[in-house]
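Dear colleague,

Please find below the structure that I am handing over to you. My notes on the contacts between its chains follow.

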Amino acid sequence: MIDNYMIKFEELRVKTPKREILVNITDDISRIVRNSAVNEGVCRIFVPHTTAGITINENADPAVVIDIINFLKILIPQSGGQYSFRHREGNSDAHIKSSLTGPSLDILIHNGKLVLGTWQGIMFAEYDGPRNRRVFIQVQGE
Amino acid sequence: MIDNYMIKFEELRVKTPKREILVNITDDISRIVRNSAVNEGVCRIFVPHTTAGITINENADPAVVIDIINFLKILIPQSGGQYSFRHREGNSDAHIKSSLTGPSLDILIHNGKLVLGTWQGIMFAEYDGPRNRRVFIQVQGE
Amino acid sequence: MIDNYMIKFEELRVKTPKREILVNITDDISRIVRNSAVNEGVCRIFVPHTTAGITINENADPAVVIDIINFLKILIPQSGGQYSFRHREGNSDAHIKSSLTGPSLDILIHNGKLVLGTWQGIMFAEYDGPRNRRVFIQVQGE
């Protein structure tokens, strides 16, 4: 039986400075989890945008996130490359990248802390900035 | 302490009309969440197929989902392009796309509603139709 | 009201034999779920590495996972192809693949069993092996 179960909903604002960038939001998420006082549970992150996403990748060498974002620019070019995009806003590439990295992520909470590997950072993936973006966070547990 | 916690399992059927298509299932998922009467919680969606997936993308301009599906056809061609697929069923492209968009998605429930952005729709991603597909939904919360 | 709710954290070790391989860990995950005695709930899988991931795909014809891993090698070459990677460890391709397949997965538990389709297996995705890897599993439910 649980008598200290809780669920909490929070919103985070992220200002993205460029069209394509991975913004490290690990500290913001860690703070929200710490403040929730949940010991065992889950932190769900959800991005309510269709030209952005959420991912986890290396937080140590800043070249890694640059390689990821720049390689995706070549793999899925804004121009469409061989393919002529029908959507007239010029951001179909961003919609495709959004579906590939995905809008949601679950991170485990164990012994009161987010369970992340040594090199893992939580990254807001902007594919059509600069914009003011929102991230929803739900912390659930006991 | 929670005394109105619940967990509910549902199944949805999706009939896909083409080999590759994103089918908007937002209304079906919303109805299931509404009927569950969960106020704060999560709606988990799981696709039990290896040549399909689940994604979220724009529900406004229908050109967006067409661009996504058509661009993926060029990026990961059914023929394999430079690469000769070993799997003899002729649908290795669909298996690859399934792993890239993923089989599962968590959508937050807050104040009795699915938390989705203005332009977000929940899309069943068919990569090897037309078929009769299944989607499992679990609504959990209080 | 729930009086038999539980949450349990486990760790699994996976030894990967090659640089790029999908390793089927379904039996290990099934055993953990069975031992938890959870009847209705969720099994969360989280990979704490930035050059690996977790995915679900076909467990029947072994050619499928070979096609997936080999096609990704051409799509996202270790050399970078047209793009010169800045990260000096020679594994930027693995970081990109990790963000595309993702580090986490939720699998539903219904009637005491993992809900998986007939052909679905849970695969640890190694993109920069051989290595000794860790997988975190959280089983939650009633």
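Across the interface of chain C and chain B, one salt bridge is found, a salt bridge being a side-chain nitrogen of Lys or Arg within 4 Å of a carboxyl oxygen of Asp or Glu. Asp106(C) pairs there with Arg44(B), and their closest N and O atoms are 3.4 Å apart.

This is a predicted model, in which local features need pLDDT of at least 70 and side-chain atom pairs count only at pLDDT 80 or more, while totals for chains, interfaces and linings use all residues. Residues are numbered from 1 along each chain as its sequence is written, chains are lettered from A and ligands numbered from 1 in the order in which they are written, and side-chain values use heavy atoms, with hydrogens and water left out.

In this interface, 37 residues of chain C are in contact (heavy atoms within 4.5 Å) with 35 residues of chain B. The two chains bury about 3,100 Å² between them, 64% of it on carbon and sulfur atoms; buried area is the accessible area (1.4 Å probe) that two parts lose on being put together, summed over both.

Turning to chain B and chain A, 37 residues of chain B are in contact with 36 residues of chain A. Chain B and chain A bury about 3,100 Å² between them, of which 64% lies on carbon and sulfur atoms. One salt bridge is found across this interface: Asp106(B) joins Arg44(A), with the closest N and O atoms 3.4 Å apart.

Yours sincerely
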